[in-house]
Amino acid sequence: MERLQKVIAASGVTSRRKAEELIVNGKVRVNGIIIKELGTKVSSSDEIEVNGVLISKEEKEYYLLNKPRGVVTTTSDDKNRRTVIDLIDTDARIYPVGRLDYDTTGVLILTNDGEFANILMHPKNKVEKVYMAKLEGIITGEAINKLKDGVVIDGVKVIPSRVKLRKVDPSSNTCIVQIIIHEGKNHQVKKMFSEVGYSVEKLKRERVAFFTLDKLKSGEYRKLTTKEVAKVYSLAK
Ligand code: URA
């Protein structure tokens, strides 16, 4: 038996907090009866409706993909471009956890477990995302210090937990910088470098929480282990 709000969140329809609101507001039925009490326990044989729609009891699936360039991080695309979902052989209604730009490569988690996704994305859990950015130009110490002090993106100050110059290539006038952030704002890394005067030529995500690419080649994926899934659940604060 599980708590009703947890089951709703795990189905992916909404977050646990929103599920609680829906329950209190009388929008949730269990076996046809409106339940307004938070914490009501339900079992897998109970039929749960949210706003009149039966929630799915699909088996939970979890994947780690090495996202290639030229693929959109959505479940469908109005321009008919290839999506990350097209790369994974499953009938489950999985979706990407967070976003990588069309031209960004690297670690992307996909699942149909809403609660799991929320843990990885919720700012309070401060999940680390490690990026390697190839910049046009060679970044100065001053620009690195500005980043370390925090820059304002979309009206919010963001402070990376690490910025480190990894490689300099004077012949192509480029450099590679490792940056670790906790948030997942749209185009965050590109905007952060732009704030200090640099444009990102290439961007690769090397790690999310403890998930790294290991031996996955571009476009390859693997299922997460039950141990890894449990470890993500243990990150929830
Ligand atoms: N930051 C970006 O600018 N792009 C990404 O794809 C991910 C983080």
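By pocket I mean an open set of points on a 1 Å grid over the protein atoms alone, with protein on both sides within 12 Å along at least five of seven lines, and a lining residue has an atom within 4 Å of a point. There is about 430 Å³ of space in this second largest pocket, where a volume is the space filled by probe spheres set on the points, and grid points are joined across faces, edges and corners. Helix H1, residues 4-10, gives the largest share of the lining, three residues. Helices here are DSSP runs of H or I with at least four residues, strands are runs of E with at least two, and both are numbered from the N terminus. By class, the lining of this second pocket has seven nonpolar, four polar and nine charged residues. For the record, Ala, Val, Leu, Ile, Met, Phe, Trp, Tyr, Cys and Pro count as nonpolar, Asp, Glu, Lys and Arg as charged, and the others, Gly among them, as polar.

Quick housekeeping. This is a predicted model, so local features need pLDDT of at least 70 and side-chain atom pairs count only at pLDDT 80 or more, while totals for chains, interfaces and linings use all residues. Residues are numbered from 1 along each chain as its sequence is written, and side-chain values use heavy atoms, with hydrogens and water left out.

Now the overall picture. The chain has six helices and 17 strands, and its C-alpha trace spans about 70 × 35 × 35 Å along the principal axes. Of its 237 residues, 44% are buried, meaning under 20% relative accessible area, with exposed being over 50% and partly exposed in between, using a 1.4 Å probe and protein chains only. Take the contacts with a separation of 6 or more: residues 24 or more positions apart account for 62% of them, a contact being heavy atoms within 4.5 Å. The accessible surface comes to about 12800 Å², and carbon and sulfur atoms hold 48% of that; the areas come from the Shrake-Rupley method with a 1.4 Å probe, and for residues only the protein chains shown count as cover.

The largest pocket holds about 510 Å³ of space. It has 28 lining residues, and nearest its centre you'll find Gly98, Arg99, Gly184, Lys185 and Arg205. The elements giving two or more residues to that lining are strand S9 (104-111), helix H3 (114-121), strand S10 (129-136), helix H5 (188-195) and strand S15 (200-208). Its lining splits into twelve nonpolar, nine polar and seven charged residues.

There's also one cavity of 30 Å³ or more; a cavity is a set of grid points where a 1.4 Å probe fits but cannot get out. The largest cavity is about 30 Å³, and Asp103, Thr104, Lys190, Val200, Glu201, Lys202 and Leu203 line it. S15 turns up again here, giving the most to the lining with four residues. By class, that's two nonpolar, one polar and four charged.

On to the strands. Which strand is largely enclosed by the rest of the structure? That's S14, residues 174-181: seven of its eight residues are buried, so the rest of the structure largely encloses it. S14 pairs antiparallel with S10 over eight bridges, and pairing takes at least two DSSP bridges between two strands. Val130 sits opposite Ile180 in S14. S14 also pairs antiparallel with S13, residues 162-169, over seven bridges, and there Val163 has Ile179 as its bridge partner. S13 and S14 make a hairpin with four residues between them, and Asn173 in the turn has a positive phi of about 55 degrees.

There's an open antiparallel sheet too, with four strands in the order S3-S2-S5-S6. S3 (33-34) and S6 (53-54) are at the edges with a single partner strand each, so one side of each has no neighbour in the sheet. S2, residues 28-30, is joined to S3 by two bridges, with Val30 opposite Ile33.

Last stop, Tyr95, in strand S8, residues 95-96. Buried or partly exposed? Tyr95 is partly exposed, at a relative accessible area of 22%. Beyond its neighbours within four places in sequence, Tyr95 has contacts that include Gly12, Thr75, Ile85, Ile109 and Asp113. Tyr95 and Asp113 are 18 residues apart in sequence, with 9.0 Å from C-alpha to C-alpha.
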